Amino acid sequence: MRSEALELLRCSRCRHYPLTLETRVQADQEVREGELRCANCEERFLIAGGVVEMLRAPSQQAEEELESIDKWLPLVNEVTPLNDDWLIGLPRTFHKGAETDIAVNLTHFLELVDARPGQRVLEVGAGVTWLSNLLARRGCSVVATDITRRLYVGLDSADVLMRHFGTVYDRVTADMNDVPCVDGAFDVVVANAVFHHSEDLTETFREMWRVLRPGGRMVFLEPVVGPLNLAGKRFLSRLHEDGLGDQAYPIWSYTRAARRAGFAPHSFIAPSVEHHLRHLRDDPDYLGNRTLKYRLARSVPRAFQVPVLAVLARRALYPAALYLFGLTCIFVGHRLDPWARQGRARAPAIQSAQVDR
Ligand SMILES: C[S@@+](CC[C@H](N)C(=O)[O-])C[C@H]1O[C@@H](n2cnc3c(N)ncnc32)[C@H](O)[C@@H]1O
Ligand SMILES: [Zn+2]
């Protein structure tokens, strides 16, 4: 962590602020080794390898996810060798084909984040921190949090990225439902494919609301799973049983929880949705596959040639598919404040599909 981060951090046991910092090793603009101390409850938080360890009492969900890493890591490694080159190449080097394909969605995601130099950004569930690193490269002051610091999975991976790109950002182990930061600390909260791990979206979004400044925004991407997407539900429930914590939330779970927590939510269908529909034709089974997705892929591009149908597809087909089956979405939640909330006009829950062509 950088010593300036001290003004953002509070005790994760008693919420006392400020903490005191004891620096043992300072290098590369960071406190690499040291300790944070709470004068109120006397809790101590280790700083090791630049990462502040503030995840004191992990929730059951976090505990199970941490335990599951040993199980899935070797399997992932077989498909995509996890090494420094893979890290440096992210998000391009993420495996292809996943609907959450962030490389395809990144331009639109970053437009919505609207990152500016000096902006204070919190990333929750930052994993290997490729997004935090990207925002730090754009001049944002970033705090990356995750429950794990393990190399090629969690926050320790940032050492490779910071060394390669000459960036520096803070890293804190923390649960998304209990962020050890003071109220109103951030301009923007970002999360990529994290909130579907939450067991209680309203609680999680309340925590995001708390750490955002009035008028701040959260921007996050999620694979939404609708009630008719039985295959998606089966897949996520298998992951859930394996301790991975993934939940199949439909669109309204996100928007309702965000509203309850005090946000005006907007959702955008991610560009990867149409990208994958268009690229299904690269599949050798493209012409023969009779599933709905392939049928749509065969007919939608034709429909897009007819202007009226193109508008209809975007206005009706995608939102219907989003509600019933679920599609990858990018959400923006504007923090509302009580004085503004009383007379507010409700923000529309679904905006028309935003599709990069
Ligand atoms: C699908 S991964 C996404 C990682 C990263 N955002 C990315 O784009 O590569 C989900 C991440 O959420 C983290 N996570 C799971 N439960 C969490 C919790 N309760 N609080 C914070 N992070 C959590 C996991 O450790 C993991 O890094
Ligand atoms: Zn304390």
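Author: Let's start with Val-190, which sits in strand 8. Strands here are DSSP runs of E with at least two residues, helices are runs of H or I with at least four residues, and both are numbered from the N terminus. Before we go on, this is a predicted model, where local features need pLDDT of at least 70 and side-chain atom pairs count only at pLDDT 80 or more, while totals for chains, interfaces and linings use all residues. Residues are numbered from 1 along each chain as its sequence is written, and chains are lettered from A and ligands numbered from 1 in the order in which they are written.

Reader: Why does Val-190 count as buried?

Author: A residue is buried if 20 or more other C-beta atoms lie within 10 Å of its own, exposed if 12 or fewer, and partly exposed in between, with C-beta atoms placed from the backbone. Val-190 has 29 C-beta neighbours inside 10 Å, so it's buried.

Reader: Which residues does Val-190 touch?

Author: Leaving out residues up to four places away in sequence, Val-190 touches Val-113, Val-121, Glu-123, Leu-131, Val-219 and Phe-220. "Touching" is a contact: two C-beta atoms, placed from the backbone, lie within 7 Å. For Val-190 and Phe-109, which are 81 residues apart along the chain, the C-alpha atoms are 9.7 Å apart.

Reader: What makes Asp-114 exposed?

Author: Asp-114 has 12 C-beta neighbours inside 10 Å, so it counts as exposed. Asp-114 lies in the loop between helix 3 and strand 5. Its phi is near 50 degrees, a positive value in a residue other than glycine. Most residues other than glycine have a negative phi, and most peptide bonds are trans.

Reader: And why is Ala-193 called partly exposed?

Author: Ala-193 has 17 C-beta neighbours inside 10 Å, so it falls into the partly exposed class. Ala-193 is in the loop between strand 8 and helix 6 (201-211), and it too isn't a glycine but has a positive phi, of about 55 degrees.

Reader: What surrounds ligand 1?

Author: There are 19 residues around ligand 1, and the closest are Gly-125, Gly-127, Met-176, Asn-192 and Ala-193. A residue gets onto that list if its C-beta atom, placed from the backbone, lies within 6 Å of the molecule. The biggest giver to this shell is helix 1 (residues 60-79), with 3 residues. By class, the shell has 9 nonpolar, 7 polar and 3 charged residues. Ala, Val, Leu, Ile, Met, Phe, Trp, Tyr, Cys and Pro count as nonpolar, Asp, Glu, Lys and Arg as charged, and the others, Gly among them, as polar.

Reader: How do you know that strand 6 is largely enclosed?

Author: In strand 6 (residues 141-146), 6 of the 6 residues are buried, so the strand is largely enclosed by the rest of the structure. Ser-141, Val-143 and Thr-145 point one way, while Val-142, Ala-144 and Asp-146 point the other way. In a regular strand the side chains alternate between the two faces of the sheet.

Reader: What does the whole sheet look like?

Author: It's an open sheet of 11 strands with mixed pairing, in the order 1-2-3-4-7-6-5-8-9-11-10. Strand 1 (20-27) and strand 10 (263-269) are the edge strands, since each pairs on one side only.

Reader: Which peptide bonds are cis?

Author: One joins Tyr-17 and Pro-18, with omega about 0 degrees, and another joins Leu-90 and Pro-91, with omega about 5 degrees.

Conventions
Pairing = 2+ DSSP bridges.
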